[in-house]
Amino acid sequence: MVRGLDKKEEKKENKKEDAAYLKSLEKVFQASSKEKHTRFYEFGAWRQSKRKTEFYDYARKLEKEMGIPRYNPDLGIPLGQRKIAPYSISKENAVVEGDDMHICNNAAIMQLFDDIARTAIMDLTPIHEIMQKRLGKSVTPESVNRVMEVWNHTIGGAAAVQEHMFEINPMLTKDGYVKLFSGNDKIMELIDKRIVVDINKLFPPEKASIIKKDLGDRMFALVRIPTIAVRNYGSAMTKRWAATTCLSAFANAYGISGETAINTLVYTLRHQTVIGVGDTIAVRYGRGENCPGGIPYGYICDIVQTDRLYPDDPIRYTLDVAEISSIILDAGWLQEFLAGGLGAPVRVLFLMSNDVFDSVVEHMAEYVLNRYGGYGKAPKTLATIEEIANETAKYCQDIYETSPLVCEMLFGGSLRSRTLAYSAAIAGGLASGHPMIGVEAGHLSQMIRKERAGRLGFFAQDQFHHQGHANDWTLLTDQAQIMEMRNASYPDYNVVANLTTFPSAIAGAYIGRGGAYACNPVIKVAFAENLMGFDFANLRKTLIKGAMREFMPQGERDAVIPSH
Amino acid sequence: MLVNKNLDNVDIYSDCGKLVAEKVPVKGLSPLHNQAIAKMLYEIRRTVVINLEKVERSLRTGELGGEFCKMPHYAIPNITVVERSEKIKDRVESFVRTRRDDDTRVELFDKGKRLLIQVPKNVVDVSADFAVAALLGGSATVQALVDEFDISPLNAQACSTAIFGRYPSTIDLKGGAISSPLGVPLRLEHLGYGWRTVSSNVVVSLANRNAMKSAALSGCFELGYLVNAGNLVGRYERLYLLGFAYECLNANNIVYDTVLKMGKDGTTGKVLCEVLEKALNEGVIRVKETLPSGFKVFAPVDLELWNAYAASGMLAATMVNCGAARCAHSVSSIIINYNELLSNESALPDVEFGRAAGTGLLLDFLTHALYGGGEVGLMSGNHPNLKTTKLFAMPCVCAATALDAGTLTYPPEKMTAIFSQIFKNVKEFQDPIKCIAESALSAQIGDE
């Protein structure tokens with residue numbers, strides 16, 4: 001860790017003074033980065049926050065209306081006088097308050113969770129085979145178009161038989177829809193353009209070519225069930241809603257009714273051809289399929305679409321993957337879904353704010369280019385793991401120790417640990433093209449930091465990284481699993497584990513290797529288009545819209561409640 | 001009041017209607033006393049098959065975890081798993097075998113494409129649930145692959161994913177290459193349901209598509225469940241053991257006789273009349289009252305024995321109807337109609353006191369409607385539908401599946417054919433009725 005200040009180093013020091021993250025931090029903290037004696041702790045507790053003051057005023061009105069105690073920050077145990085600084089979103093011209101990035105205060109983040117929960121993909125090829133071989137029906141472009149027309153009717157909770165069924169107001173379910181995609185352009189040319197997910201338009205040519213080759217001739221249906229359905233019935237509803245509405249459409253379009261073939265279709269739809277985003281997880285967690293705890297880490301990398309829209313800025317993609325993973329896994333799954341309500345919303349923000357994480361990742365990307373001559377060119381060896389871990393730890397520890405502002409923003413060991421682990425994981429993946437190198441670099445970076453600082457973050461972060469190496473290389477049946485298929489309910493992961501280490505490494509490795517997707521082409525295409533939902537290609541911009549109260553979510557009940 | 005259960009004896013007839021054992025004590029048919037049933041349950045519990053052909057394909061392409069996942073950085077393009085299956089088999093055996101003379105069985109099937117692993121008794125004895133064969137067999141194969149092909153640590157976990165699929169990230173072996181006659185513990189509907197995870201297709205494969213043997217084997221698994229769930233005890237023990245004897249083991253040749261007699265032009269109603277007449281003649285039921293219209297109201301003399309007669313009639317009706325159509329799908333309708341006719345025409349309790357009729361109704365819905373379920377061959381006692389009838393419905397479902405001549409989209413041959421090959425030399429699976437009967441005769445039941 002010790003280094004001499006030779007000329008090269010002096011140049012680095014000068015460069016550091018001009019670093020973007022220091023400028024951002026000086027702006028939000030209104031202090032110089034060189035100032036060693038700060039006045040951070042004299043700001044009037046919660047009253048310095050415009051948003052918390054607003055909450056306080058609302059709550060007083062509520063107390064009068066409801067007659068029971070409401071929100072009162074004066075009841076909170078004081079943790080010391082601290083600056084409640086707003087967050088400058090990295091590379092975006094926007095400053096947001098922390099409270100506005102709490103999952104429940106930000107309609108865009110809620111929509112992000114809902115959009116994942118309500119997505120399923122159906123492989124229609126086996127269904128078409130049953131229609132032809134078992135039922136003797138002709139599957140034609142016309143009949144496929146008819147199915148899709150009916151399915152876009154039933155997906156919103158409408159009946160395939162009329163007229164005495166009770167149906168859902170279409171304004172409540174307007175965001176439910178179904179579209180088709182395939183790797184075969186000739187097939188898709190015959191399909192009604194309104195219901196086609198056009199891979200050629202959505203992806204750069206070389207990526208489109210890879211995806212189409214891997215999808216082959218199969219025909220897939222992208223199904224987004226209405227947001228209100230998952231909000232009412234939970235994420236496990238998605239596969240069932242998708243299968244039942246699909247079956248209704250097939251029965252209607254092909255004129256089939258109660259018979260065993262119907263049931264074979266249902267079984268095939270529900271159990272053989274439907275692809276969810278999240279797998280079933282252990283009953284202990286009390287959640288169904290498609291919940292955040294069951295999403296394979298590789299899928300998270302394919303949900304993010306920045307690589308598709310900004311292919312010339314691959315680092316932006318890795319940053320977005322880390323950020324969305326931190327939202328889904330760290331802030332969402334661990335702190336809200338599992339811990340229960342009182343979360344750590346700072347985990348939504350710390351990676352995308354004040355240019356800190358960006359600077360570390362960009363430094364490491366540059367290091368990888370210089371050290372190995374390009375992405376994906378480093379040998380997949382322990383030496384690479386050590387080099388990446390050392391460099392990331394050195395860089396991060398350096399900025400932690402030389403800038404009180406960085407430490408003020410990344411308060412507590414927890415956020416500093418995460419920043420380091422995730423950037424090392426990205427860099428390891430970038431360097432080698434293999435996620436294992438990235439994850440290992442993430443774990444090792446923590447051990448290096450622990451040697452220096454004597455601790456990491458919360459106890460369980462230490463546990464996670466101490467066990468990491470053994471779990472990564474294991475063949476034990478309840479632990480052995482490639483990184484892409486692991487998820488947040490994989491054994492040994494706990495309420496404050498640095499789960500984002502995994503998607504970060506996978507994303508870095510995907511960029512290192514090249515190609516069109518990290519793990520699954522079907523998932524990649526499914527999130528390339530998202531009508532009326534979260535924009536997975538512009539993460540930060542969409543979250544800012546949520547914080548600014550400019551994002552219009554779906555699943556609202558306005559159509560059936562008094563105007564307000 | 002204590003009942004001397006040893007007084008119940010039956011004559012057991014084969015699936016060809018030949019007497020195989022006389023005065024078989026019904027209590028000796030319990031899995032707790034019957035070595036033949038215990039042997040079959042043991043064999044099933046310790047058996048797993050690894051699809052080496054699929055493992056090879058996954059490792060060659062990096063298509064791991066199912067559902068169109070593809071990760072070429074894990075691919076080992078030239079790996080020859082099937083070609084070197086003999087060596088893999090030897091390595092697996094060296095991992096699984098605990099002693100030179102234990103009963104470990106590791107064999108290749110389908111020209112090296114399938115690897116059978118049966119874990120030894122001392123492993124089964126110390127296991128707390130029924131996942132051990134899949135886990136030990138899978139783990140041994142993973143390590144055998146890594147050793148045989150000297151796979152690097154970076155790719156070693158891909159072997160695990162190729163075999164175990166998404167486990168442990170999910171609760172079962174989704175996307176993997178392991179086939180087991182049993183399901184997984186984390187998918188059980190209720191406690192003690194392990195033996196109920198054996199599907200109709202597996203049972204039919206084990207019984208080589210013989211309908212009566214399928215019913216017999218199905219009954220064995222249901223009895224195994226009854227023991228595990230604490231249900232083969234007290235006042236329920238005689239009900240289920242008698243039912244098993246008559247419905248599943250052709251006690252007193254009722255099933256065979258009835259099917260033979262009704263095989264040409266029988267109907268569900270005629271089968272029912274035949275069973276009622278037999279029960280009346282043998283004093284199992286009596287005429288309780290004759291109404292002014294002439295309608296006779298019957299009552300059971302021996303409730304459990306009558307239930308056993310009724311259940312044997314239900315299986316016979318299934319075989320007559322599904323056999324005539326050579327189609328499994330109507331089994332649900334037969335269960336409904338048989339039991340509704342029975343209760344409406346005789347005033348006697350129907351099979352398992354309404355449970356079978358209810359199961360038939362729901363089975364009809366869930367095998368013919370758009371609300372889920374599945375084909376008859378995919379059904380098991382662990383299904384929300386069939387779990388409600390203990391013992392009596394699954395044998396009918398299995399017999400129907402056995403009699404199907406190709407109308408199923410997911411038939412036994414497509415889903416579970418390997419199991420018929422694995423157990424072709426195990427006499428208990430080849431002739432379950434005879435083996436169970438003979439075992440019951442020699443059972444050490446003890447004094448009551």
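P181(B) counts as buried because it has 26 C-beta neighbours inside 10 Å; a residue is buried if 20 or more other C-beta atoms lie within 10 Å of its own, exposed if 12 or fewer, and partly exposed in between, with C-beta atoms placed from the backbone. The model is predicted: local features need pLDDT of at least 70 and side-chain atom pairs count only at pLDDT 80 or more, while totals for chains, interfaces and linings use all residues. Residues are numbered from 1 along each chain as its sequence is written, and chains are lettered from A and ligands numbered from 1 in the order in which they are written.

**Surroundings of P181(B)**

P181(B) lies in the loop between β6 (178-179) and α7 (200-206) of chain B. Helices (H or I, at least four residues) and strands (E, at least two) are DSSP runs, numbered from the N terminus. Leaving aside residues up to four places away in sequence, P181(B) touches I44(B), T47(B), V198(B), V202(B) and F419(B); two residues are in contact if their C-beta atoms, placed from the backbone, lie within 7 Å.

**Strand β3 of chain B**

T47(B) belongs to a covered face of β3(B): T47(B), V49(B) and N51(B) on one side are buried, as are V48(B) and I50(B) on the other. In this strand, residues 47-51 of chain B, 5 of 5 residues are buried. Two strands pair if DSSP finds at least two bridges between them.

| Strands | Sense | Bridges | 
|---|---|---|
| β3(B) and β5(B) (114-118) | antiparallel | 5 bridges |
| β3(B) and β6(B) | antiparallel | 2 bridges |
| β3(A) (119-123) and β6(A) | antiparallel | 3 bridges |

Within these pairs, I50(B) has L115(B) of β5(B) as its bridge partner, and V49(B) has S179(B) of β6(B). In chain A, A120(A) is bridged to G276(A) of β6(A).

An open sheet of 4 strands in chain A has the order β4-β5-β3-β6, with antiparallel pairing. Its edge strands, β4 (177-182) and β6 (274-276) of chain A, each pair on one side only. From one strand to the next the twist averages 25°. Helix α11 (residues 237-254) of chain A lies across β3, β5 (219-224) and β6 of chain A, and runs at about 45° to β3(A); axes are lines fitted to C-alpha atoms, for helices over the stretch in contact, and angles run from 0 to 180 degrees between N-to-C directions.

The domain assignment of chain A gives domain 1 (103-115 + 290-521) and domain 2 (119-276), with bounds that come from an automatic or database domain assignment. The C-alpha centres of these two domains lie 35 Å apart. Contact between them involves 10 residues of domain 1 of chain A and 16 residues of domain 2 of chain A.

**Contact between the chains**

Chain B gives 40 residues to the contact and chain A gives 48 residues. On the side of chain B that touches chain A, the elements giving two or more residues are α5 (132-148) and α6 (153-164) of chain B. The largest share of that side, 8 residues, comes from α6(B).
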